[in-house]
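Biologist: Can you take me through this one? I'd like the fold, then the local details.

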Amino acid sequence: MTRRTWSISDLAKEFDITPRTLRYYEDHGILSPERLGTQRIYHPRDRTRLKLALRGKRMGFSLADICTLIDMYDGPGSTHSQLLHYQKILNYYQTKLQDQLQDLQQTLAEIEVQKQNCEHLLNQKQSD
């Protein structure tokens, strides 16, 4: 049987985040749990939106872009203007991530050269 609701501690534990993070996403309209007194009850829609928000965060998306993309997921999402906007955001982040990847590859290559230099110097010191 599939689980239908989660508490704040359930989701925090499942996604390895703090309850404060969940409240932050709630404050920004990404999550909208049901309230029973002071208890928050999260439904599958909240869980899905949280998963998308965390994925967007890992990809380096801004909070505004995460909200836009999640709202597009919730909405019709098939109008020409929505699809063009979505494509524009994806292109932007694809370029940004490719640039970061190139920077990381360059840095790793420089580290490799420094490691080889260090190893060469250590071998020289052992020979002395």
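**Fold and local details**

Modeller: The chain has five helices and two strands. Helices (H or I, at least four residues) and strands (E, at least two) are DSSP runs, numbered from the N terminus. This is a predicted model, in which local features need pLDDT of at least 70 and side-chain atom pairs count only at pLDDT 80 or more, while totals for chains, interfaces and linings use all residues. Residues are numbered from 1 along each chain as its sequence is written, and side-chain values use heavy atoms, with hydrogens and water left out.

Biologist: In what order do the elements of the chain run from the N terminus?

Modeller: The order is α-α-β-β-α-α-α. The radius of gyration is 22 Å, well over the 14 Å that the globule rule gives for 128 residues, so the chain is more spread out than a compact globule. That radius is taken over C-alpha atoms, and the globule rule is 2.2 Å times the number of residues to the power 0.38.

Biologist: What box do the C-alpha atoms fill?

Modeller: Roughly 75 × 40 × 30 Å, taken along the principal axes.

Biologist: And what share of the residues is buried?

Modeller: Buried residues are 24% of the 128 in the chain. Buried means under 20% relative accessible area, exposed over 50%, and partly exposed in between (1.4 Å probe, protein chains only).

Biologist: Which residues of α2 are buried?

Modeller: In helix α2 (residues 19–27) they are L22, Y25 and E26. These residues cover an arc of only 105° around the axis, which puts them on the same side of α2. The arc is that of the directions from the helix axis to the C-beta atoms.

Biologist: What does the face turned away from the buried side carry?

Modeller: That face of α2 has the exposed residues R20 and D27. After α2 comes G29, with a positive phi near 80°.

Biologist: Which residue other than glycine has a positive phi near 55°?

Modeller: D16 has that phi. D16 sits in the loop between α1 (8–15) and α2, and D16 is exposed, at 72% relative accessible area.

Biologist: Switching to rings. How many aromatic pairs are in the whole structure?

Modeller: The search finds three. Rings of Phe, Tyr and Trp (its six-membered ring) pair if their centres lie within 6.5 Å; planes under 30 degrees apart count as stacked, over 60 as edge-to-face and the rest as tilted. One of the pairs is F61 with Y93, which is stacked, at 4.0 Å centre to centre and 20° between the planes.

Biologist: Where do F61 and Y93 lie?

Modeller: F61 is in the loop between α3 (44–58) and α4 (63–74), and Y93 is in helix α5 (residues 80–127), so the pair ties together parts that are 32 residues apart in sequence. F61 is buried at 11% relative accessible area, and Y93 is buried at 3%. Y92 and Y93 also pair, edge-to-face, at 4.8 Å centre to centre and 85° between the planes.

Biologist: Is Y92 buried, exposed or partly exposed?

Modeller: Y92 is partly exposed, with a relative accessible area of 49%. F61, Y92 and Y93 form one aromatic cluster.
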